[in-house]
Amino acid sequence: MAVLLHDLLLGSLDRQSGISLQRQIYEGIREAILQGHLPVDARMPSTRALAEHLKISRVTTSLVYERLTTEGYLYSKSGSGTYVADTLPRTFHRDPGTDESLEADRLLSSRGAEITRRVTGLAKAGGAFVPGVADTEFFPFHIWRRLQNRYLKRNHAELTGYVEHGGYRPLRDALSAYLYTSRAVRCSPQQVIITMGTHQSLDLIAKLLTDPGDAALIESPCHWGAPVVLSAAGLECRPLHLDLEGARIPEAGVAEGSRLAFVTPSHQYPTGSIMTLQRRREWLSFAEAQNLWLIEDDYDSEFRYDIDPLPSMQGLGNKNRVIYLGTFSKVTFPGLRLSYLVVPEALADAFSKGMTQLYRPGFLTLQAAMADFILEGHFATHIRRMRAVYAQRRSSLQSALDAYFGGDIQYSPGQAGLHLAVKVGPEGTASKMISAAVDHGLTLRGAYALDPRAGDDNLLVLGYGGIRDAEVEGAVRRLRCLYDAVR
C-alpha cells in the first residue's frame, strides 16, 4: 500500500505549482480513496515514511492526515496506525423500474440496443465442438516470428505509420497472384483491399455502397456476423431461402430496394451445401439485372477434402457486380484479424480512399510479414498440411457419429470446411442440447436465422477445427449422453 500511495502522489505532485504541497497531497489521497484505488481498511504509511519518500516535511504529511481524519476519509487505531475509512453510502432499496439492464437500454441508441441483443461470438478458442476456429498447434509460429522480426527494426520505420492505397502493396501483389491460382479470382493488385477482419470488410462495403434504409439479402440460416454488421449500418436484412442448389433467387418483391446480396457459394454456413454452377450463373445474371452488388464470402474455401476447391463466383465471367471476401484467420489463427476484399475495378480507388478515411489502417509490419509468408511458400505448405489434418478429423467425427447415433442423425455430405452440420432428433432437440451443453463439457451452436420463426430448430453446428483427433470419440460419446438426457 505504501508503494502504491507513493507512486500515485509522486506522479501528480508539482513542486513548481502555486498550489501548496500540503493541498496537493491532500487532494491526491482524497481522490485515490473516492476512486477506490485505496481500499477500505487499507493501512496507510506512517507520516514519517510518507514524508521521507516524498522528500517533504513531516509536519506537512501530519497536517494532511489530520484533515483527512477529521473529514472522515481516514481513521486511527491507537498504537496500530492510520487506515482508510469506509466512505461508501449505505444501500437503499432500488426501484425495480431503474434496473441496470433497463437503464442500459435507455442509454443506448436503437441501433446499439439491436446490436447488443443479437447473437455474439464465442469466447472459447478450442474444444468440442467450437465452430469456425482453426487449430494453432500446427501453425509454424517460429517462421511467423522470424518474418515479423524482420520488419520490427529501425530500417523499416516507414512501416510504423498509417497505410494508404488499400494496404501494403507487396501483400496485394501476392494475394492477386495467389487468388488467381487457387480460386480463379481475376483481379489486379489495385482491386485487393486489406482489412482487419471480415466484419470491417462488410462495414466498409455497407458504408460506401448503401444508404440507411436500403435492404440487404442474406442467406438464412447464416453466420450471425453479417446481419449484425449490415443492420448496424442501417440496412434492412431480408432472408434468402436455401435449397439443395444453394441460395434461391428471390422473388421480385423481396429484391425490391435491395442493394446487396450476401452469399457463401463455396461452402454455405452453416448447412455446408455447395451452390451449383447453374445457380451461380443465375445469381450473376440476376445481380446485373437488379443493379445488385453480390458479396461472395469465401471464408474457408482452402479446406476441401474430396476434390479441388471450386472456382470462385467472381471468376465466372461478370466481375463487375461481385465483391469477393477472404480471410487469413481460418488458415492461420483467429487473433490475426487480417482479411481482404476484391472489388470491381471501377470501385478500387474509392475503396482505397474509403478505407483510409474511415479506419486509418496500419499494421504494415504485420502485412509485410504475411506477404513474405505467402511469397516464400509457407502459406501454401501450411494449407496442404492442415487440409490433411482436418480431413482426418472430419472422417473421425463422421465415423463416431455413425457409431453412436446411427439413424438418429443426418449430417451434411459435403467434404469441406471446419464444421459439420448435423440434424438430430425431433424438432426442438437441438435447442435443448445447446442449452445443456456446458454441463457435458461441450460447446454447441445452432442455426442462426434472420426470421426466428423460419429457423431450423433441429440443427447443430459441430466444429472440429479446435478438437484433437484423439478426443473426437470421447466428445461424441458425451454428445450422445447429452442427446439421451434431453430427449
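Author: In this predicted model, helix 13 covers residues 348–359, and at 1.5 Å a residue its 12 residues should span 16 Å. The C-alpha atoms at its ends are 16 Å apart, which agrees with that expectation. After the helix comes R360, whose phi is positive, near 45°.

The buried residues of helix 13 are A348, F351, S352, G354, M355 and T356. An α-helix has 3.6 residues a turn, so residues three or four places apart point the same way. The elements against which the buried residues of helix 13 pack are helix 8 (169–183), helix 9 (198–209), strand 3 (192–195) and strand 11 (339–342).

Elsewhere in the order, strand 4 (residues 215–219) and strand 8 (residues 258–263) pair in the parallel sense over four bridges. Within that pair, L217 of strand 4 stands opposite A261 in strand 8.

Three strands form an open sheet in the order 12-13-14, with antiparallel pairing. Strand 12 (409–411) and strand 14 (459–463) stand at its edges with a single partner strand each, so one side of each is left without a neighbour in the sheet. Neighbouring strands in this second sheet are turned by 30° against each other on average, direction ignored. Strand 13 (residues 419–424) pairs with strand 14 in the antiparallel sense over five bridges, and V422 stands opposite L460 in strand 14. Helix 16 (residues 429–436) packs on the sheet, where it touches strand 13 and strand 14, and its direction makes about 45° with that of strand 14. Helix 15 lies across strand 12, strand 13 and strand 14, running at about 15° to strand 13.

The largest nonpolar core has 67 residues, and F129, F328 and L401 have the most contacts inside it. Helix 15 (residues 378–405) gives the most to this core, with nine residues. Leaving aside neighbours within four places in sequence, F129 is in contact with several residues, including L397, L442, L444, V461, L462, I467, V476 and L479. A second, separate core has 31 residues, among them L202, I205, L230 and L347.

Two further features complete the account. Strand 1 (residues 74–77) and strand 2 (residues 81–84) pair in the antiparallel sense over four bridges, and the bridge partner of S76 in strand 2 is T82. These two strands form a hairpin with three residues between them, and G79 in the turn has a positive phi of about 75°. As to cysteines, C187 is buried, with a relative accessible area of 18%, whereas C481 is partly exposed at 43%. A search of the whole structure finds zero disulfides.

Definitions and conventions
Residues are numbered from 1 along each chain as its sequence is written. This is a predicted model: local features need pLDDT of at least 70, side-chain atom pairs count only at pLDDT 80 or more; totals for chains, interfaces and linings use all residues. Side-chain values use heavy atoms; hydrogens and water are left out. A disulfide is a pair of cysteine sulfur atoms within 2.5 Å. Buried means under 20% relative accessible area, exposed over 50%, partly exposed in between (1.4 Å probe, protein chains only). The expected span of a helix is 1.5 Å times one less than its number of residues. Contact means heavy atoms within 4.5 Å. A nonpolar core is a set of buried Ala, Val, Leu, Ile, Met, Phe, Trp, Tyr and Cys residues joined through side-chain atoms within 4.5 Å. Two strands pair if DSSP finds at least two bridges between them. Axes are lines fitted to C-alpha atoms, for helices over the stretch in contact, and angles run from 0 to 180 degrees between N-to-C directions.
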